[in-house]
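User: I would like to go through a model with you, one region at a time. Could we start with how its elements are assigned?

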Amino acid sequence: MRALVVHAHPNSDSFSHALRAAVERGLANGGHEADMMDLYADGFVAAMTEEERRAYSGASPIVSEQVAGYVERLKQAEALVFVYPTWWWGMPAVMKGWFDRVLLPGVAFVLEEGKRPQPALRHVRRLVGVTTYGASQAEMRFFQDAGRRTVTRTLRTLTRRRTTTTWLGMYRLDGASDAERSQFLDQVEQRMAQL
């Protein structure tokens, strides 16, 4: 399976980068092809420009060469894997910006007047989220875990009907021991191999 891995964390020595590496190892161990995308390393800008917003609903919504490149990579993916830390109860701005600027009409969904949006990511068979939280699982449930809902519910509606989702979250990261962190890295690697 060809997996597009979208990663967002500015610090190269972060636990999030270790998770990204575990995802890559796991995919390789499972015989999957990984296309690794690092939004910070790519210099991706989260904010949509005025030109992009004006073009959004038009015949040619892609106005950035970088976005065009991401769209081509997205079109080749059978699995989408998002790796990021949960900050302020949601995705980092650069990840949310990727959703805003790349998952465009004609790319992720089709808009027809008077109809509900129709899925255009029918080639995607798997959606995976890998994240860390400072909060507990109960706290995240209380705050409705916006990142998880975006990936496993909203994005899923734009894919094929039988797309499966996997969510791997490490809660209370700030108080986790080295052994707990290592155990989570192993879990992520194993789950990616079984994709």
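Analyst: Helices (H or I, at least four residues) and strands (E, at least two) are DSSP runs, numbered from the N terminus. The model is predicted, so local features need pLDDT of at least 70 and side-chain atom pairs pLDDT 80 or more, while totals for chains, interfaces and linings use all residues. Residues are numbered from 1 along each chain as its sequence is written, and side-chain values use heavy atoms, with hydrogens and water left out.

User: Where does Ser136 lie?

Analyst: Ser136 is in the loop between strand S6 (126-132) and helix H5.

User: And is Ser136 buried or exposed?

Analyst: Buried, because its relative accessibility is 10%; the term means under 20% relative accessible area, with exposed over 50% and partly exposed in between (1.4 Å probe, protein chains only).

User: What is Ser136 in contact with, leaving aside neighbours within four places in sequence?

Analyst: Tyr171 and Arg172 are in contact with Ser136, where contact means heavy atoms within 4.5 Å.

User: Tyr171, then. Which pocket has Tyr171 in its lining?

Analyst: Tyr171 belongs to the lining of the second largest pocket, together with Gln137, Met140, Arg141, Gln144, Asp145, Arg148, Arg149, Thr152 and Arg153. On a 1 Å grid over the protein atoms alone, a pocket is an open set of points with protein on both sides within 12 Å along at least five of seven lines, a cavity is a set where a 1.4 Å probe fits but cannot get out, and lining residues have an atom within 4 Å of a point.

User: How much space lies in the second largest pocket, and which element supplies the largest share of its lining?

Analyst: The second largest pocket holds about 190 Å³, a volume being the space filled by probe spheres set on the points, which are joined across faces, edges and corners. Helix H6 gives the largest share of that lining, four residues, and H5 (137-142) also supplies at least two. By class, five of the lining residues are charged, three polar and two nonpolar; Ala, Val, Leu, Ile, Met, Phe, Trp, Tyr, Cys and Pro count as nonpolar, Asp, Glu, Lys and Arg as charged, and the others, Gly among them, as polar.

User: What about the largest pocket: which residues lie nearest its centre?

Analyst: Pro117, Thr154, Leu155, Thr157 and Leu158 lie nearest the centre, in a lining of 21 residues. The largest pocket has a volume of about 540 Å³, and its lining comprises eight nonpolar, eight charged and five polar residues. Helix H4 (93-102), strand S5 (118-119) and H6 (146-154) each contribute at least two residues to that lining.

User: Why is H4 described as largely enclosed?

Analyst: Seven of its ten residues are buried, so H4 is largely enclosed by the rest of the structure. Those residues are Val94, Met95, Gly97, Trp98, Phe99, Arg101 and Val102. Their cover includes S1, S2, helix H2 (50-55), helix H3 (65-75), S3 and H6.

User: Which residues line the largest cavity?

Analyst: Arg101 is one of them, alongside Met48, Glu52, Pro61, Ile62, Val63, Ser64, Val67 and Leu104. The largest cavity has a volume of about 40 Å³, and a search of the whole structure finds one cavity of 30 Å³ or more. Its lining divides into six nonpolar, two charged and one polar residue.

User: Now the strands. What does S1 pair with?

Analyst: S1 (residues 2-7) runs parallel to S2 (residues 33-38), joined by six bridges, and S1 also pairs in the parallel sense with S3 (residues 79-85) over five bridges. Two strands pair if DSSP finds at least two bridges between them. His7 stands opposite Asp38 in S2 and opposite Val83 in S3. Five of the six residues of S1 are buried, so S1 is largely enclosed by the rest of the structure.

User: And how is S6 covered?

Analyst: On both faces: Arg126, Val128, Val130 and Thr132 are buried on one side, and Leu127, Gly129 and Thr131 on the other. S6 pairs in the parallel sense with S3 over seven bridges, and seven bridges also join S6 to S7 (residues 164-170), again in parallel. Thr131 is the bridge partner of Tyr84, while Val130 stands opposite Leu168 in S7.

User: Finally, where is Gly90 placed?

Analyst: Gly90 is in the loop between S3 and H4, and it counts as buried because its relative accessibility is 11%. Its C-alpha atom is separated by 9.7 Å from that of Gln144, 54 residues apart along the chain.
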